[in-house]
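Subject: Structure handover

Hi,

Here is the structure for you to look through.

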Amino acid sequence: MRREIEVTKEDREFLKKLFGVSEPTVYAALNLDKPETDVRKRIRKAAMERGGEVMVTLREMETIHDANNMMIQTFPNGARLEINKFNGSTRVLYRGAEMVTGVIEGISLLNDIQIMASMLGTKAKGRS
């Protein structure tokens, strides 16, 4: 997942001149995955004040939200995440094997388990 502030070309030029920085510095500031520095913080604030929008880029994957009250997400690596929407019980399957089971107590943990499931394929490729 990538997060960034999207602004127009004109706004990027404005920010560059306002802060007296280079174009790569503005791009780095608009990339929210980069660590926050004082300059980046000020550029980000100004970008949002000028109408910038936070955009999220995710890998495409199939997600079904109403399969017998389950959310089922299939990752490009073949991992499958199954979450019961009523009680939070969760399973991650990879190549037919149950890798993780448990209960998600809150939506904030969903991202962590999605990242773990998506990494299963890359770890397997690295061991071959």
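Below are notes on the sheet, one of its residues and a pocket.

First, the ground rules. This is a predicted model, where local features need pLDDT of at least 70, side-chain atom pairs count only at pLDDT 80 or more, and totals for chains, interfaces and linings use all residues. Residues are numbered from 1 along each chain as its sequence is written, and side-chain values use heavy atoms, with hydrogens and water left out.

**The sheet**

Five strands make an open, antiparallel sheet, ordered β3-β4-β5-β6-β7. Strands here are DSSP runs of E, at least two residues, and helices are runs of H or I, at least four, both numbered from the N terminus. Two strands pair if DSSP finds at least two bridges between them. β3 (62–64) and β7 are the edge strands; each has a single partner, so one side of each lacks a neighbour in the sheet. From one strand to the next the twist averages 10°. That angle is taken between N-to-C directions, from 0 to 180 degrees, with axes as lines fitted to C-alpha atoms.

β6 has pairings with β5 and β7. With strand β5 (residues 80–84), β6 pairs antiparallel over four bridges. Ile83 has Thr90 of β6 as its bridge partner. With strand β7 (residues 97–103), β6 pairs antiparallel over six bridges. Here Val92 is bridged to Val100 in β7. Two residues sit between the strands of the β6 and β7 hairpin, and Arg95 takes a positive phi near 55°.

**Leu93**

Leu93 is in strand β6 (residues 89–94). Is Leu93 buried or exposed? Leu93 counts as buried because its relative accessibility is 14%; the cut-offs are under 20% for buried and over 50% for exposed, with partly exposed in between (1.4 Å probe, protein chains only). Leaving out residues up to four places away in sequence, Leu93 touches Gly78, Ala79, Arg80, Glu82, Glu98 and Met99. Contact means heavy atoms within 4.5 Å.

**The second largest pocket**

Lining residues of the second largest pocket include Arg2, Glu4, Arg12, Tyr27 and Asn31. A pocket is an open set of points on a 1 Å grid over the protein atoms alone, where a 1.4 Å probe fits, with protein on both sides within 12 Å along at least five of seven lines; lining residues have an atom within 4 Å of a point. β1 gives the largest share of this lining, five residues.

Best wishes
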